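Keep the model open while you read.

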Amino acid sequence: AGGIDRNVIGAQAEGFNTGSVGVAVIGNYQAASVPPAAERALARLLAWRLDVAHVDPLSRLSWISGGNAKYRRGTAVRLRAISGHRDTGFTSCPGARLYARLPALAAQVARIGLPKLYAPTVEGSLGGPVRFAARLSQPASWAITVRDKGGAVVARGTGHGADVGWTWDSTGRRGAYAWTIEAGPATRPAQGTIGAPVAPPPPPAALLAGLRADPPVISPDGDGIADALTISYTLAARASVTATVTDVNGAVVATLFSSQLQGARRQSFSYPAAELPDGLYTLTVSASAGDGRSARAQASFAIDRTLAGLALSTATLSPNGDGADDSVAIGFTLAAAADVTVQVERDGVAVAPVFAGPLPAGAQQLTWDGAGLPDGPYVVAAIVNGPFGQTRHEAALTITH
C-alpha cells in the first residue's frame, strides 16, 4: 500500500504523504495471500500511475522525511519505487504476505504497457545550456522539442538508443518555453516547461465604468436642492453612447441622447427629469467603441415631489420683541400624508428643532421664534419621507437682534 510523486508508490505515512499516491488493498494480509485477481488489478493500476509519472517500477530513490515517529524531519530514507507502509512508519501494513509480494509485484508492473520513458530531467536555465535527459525501457528513436508560447519550434534534438540526452543552447532566450521528449507513438511522451512565465498583458479597461446618478432621490421643485440628477461615468475609449430612462415596468419614458459620440474621459451632465411624474426609475447607459468593445451600465433613482413650495414669511428674523419679524412662519404643501422634520441648521449642523412627526396632505404652516440663537446666517431645512424616498428642502434665514 503506498504512494507516488515521480519517485515512489507505497510510502504513505506521516512525513511521506506529500508528493505520493497511496493504494489500499482491502483485507488483512498478515497471514492470508492476496487473491490473484486483486494482485493483477493492483499491478495494472500501478503500471498506469507510474507511467504517467515516468517512474521505473524497479527503481530506488532517497526520500527526505517530513518528520514522523520513525524518521525525524530531514532524514534521508532509501525507498523502492513501490514500497510498503511499514517502510516509512511503525506499522505491520500492508501485512507480511503482501509485503513479501512487493518485489514480484514491481516486476509485474515493469512488464505492463511497454515501451516506457523513465526519469525525464531538465538541468540548467534560460540564457545558457539546458540539458535534457531521460531513459527508455528499450532502445528507440527519440526526439526532444522546445517550443515558444505560440507553439513554434525553436529547437529540436534527436537520437537513438535507451539513453536520451541533448543540450539546448538557449543563449538570448527569455520568457517561458514548453518541452517534449518523445520516443515513438507507443511511448507516453514527457512534457514540461522551462523559464519564467511571461505575465499576460493586462486586460483592457472596461469601456464604461463608474456610472452614478446623484442624488438617488430628486425633488424637481425649483428650490435649488436636489432639483436634478447629476449623471457621471467614465469612458475608456471614444464611443457612441445612448442614455435612456425606464419606469418600473421597463418602458422607456425618456431618451437623454442616442448614439452620441463622447471622448475617453469622465463624463458628467445634469438631468432635471422635470417631465417625469413621481416614481422609481432606472437609468441605462450603453456605449459602443470602434475597437468592437461594448458596455452597458444601469443606476436607479427616484423622483418624489411630496413636499413643495417651502417658503418663509421673512428672510430676516429679529426676535427682539418689537413686534416686527419676531417670529417666522414656515409654509409648504404636502401632496400626501408624510413624516416631516423641520429644523434650523448652521454650517450643516442642526441647531434648533422646529417640528418632527406626521403631517396630513395639504398646506402646512409652522412658526418658530428663533429663541436662543445668536445673530448670523441659518438654513431652515425640511426633510420629508415620501412614498419614493427621502427628500430635503431648504430656505435661507438670517437672524439679527
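Gly113 follows helix H2 and has a positive phi, near 75°. This is a predicted model.

H2 itself covers residues 96-111, 16 residues in total. From first C-alpha to last, H2 reaches 24 Å, close to the expected 22 Å. H2 is kinked by about 45° at Leu102, shortly before Pro103. Leu102 is also among the buried residues of H2, which include Leu98, Leu105 and Val109. The buried residues of H2 pack against helix H1 (36-53), strand S2 (76-80) and strand S3 (117-124).

Two cis peptide bonds come next. One joins Cys93 to Pro94, with omega near 10°. Pro94 sits in the loop between S2 and H2. Another joins Leu114 and Pro115, with omega about 0°. Pro115 belongs to the loop between H2 and S3.

Positive phi also turns up at residues other than glycine, Ala119 and Asp325. Ala119 lies in strand S3. Asp325 lies in the loop between strand S17 (316-317) and strand S18 (328-334).

| Residue | Phi | Relative accessible area |
|---|---|---|
| Ala119 | near 45° | 44% |
| Asp325 | about 55° | 39% |

Ala119 counts as partly exposed because its 44% falls between the 20% and 50% cut-offs.

Now to the surface. Which residues form a nonpolar patch there? They are Leu45, Trp48 and Val52, with about 270 Å² of accessible area together. Val52 is part of helix H1. With 34% relative accessibility, Val52 is partly exposed.

Definitions and conventions: Residues numbered from 1 in each chain as written. Predicted model: local features only at pLDDT ≥ 70, side-chain atom pairs only at ≥ 80, totals over all residues. Heavy atoms only, no water. Helix = DSSP H or I, 4+ residues; strand = E, 2+ residues; numbered from the N terminus. Expected span 1.5 Å × (residues − 1). Bend = angle between axes of the 7 residues up to and from the residue. Buried < 20%, exposed > 50% of the residue type's maximum accessible area, 1.4 Å probe, protein only. Contact = heavy atoms within 4.5 Å. Patch = residues over 30% accessible without salt bridge, like charges linked within 9 Å, V, L, I, M, F, W, Y side chains within 5 Å. Areas by Shrake-Rupley, 256 points an atom, 1.4 Å probe, with all protein chains shown as cover. Salt bridge = Lys/Arg side-chain N within 4 Å of Asp/Glu carboxyl O.
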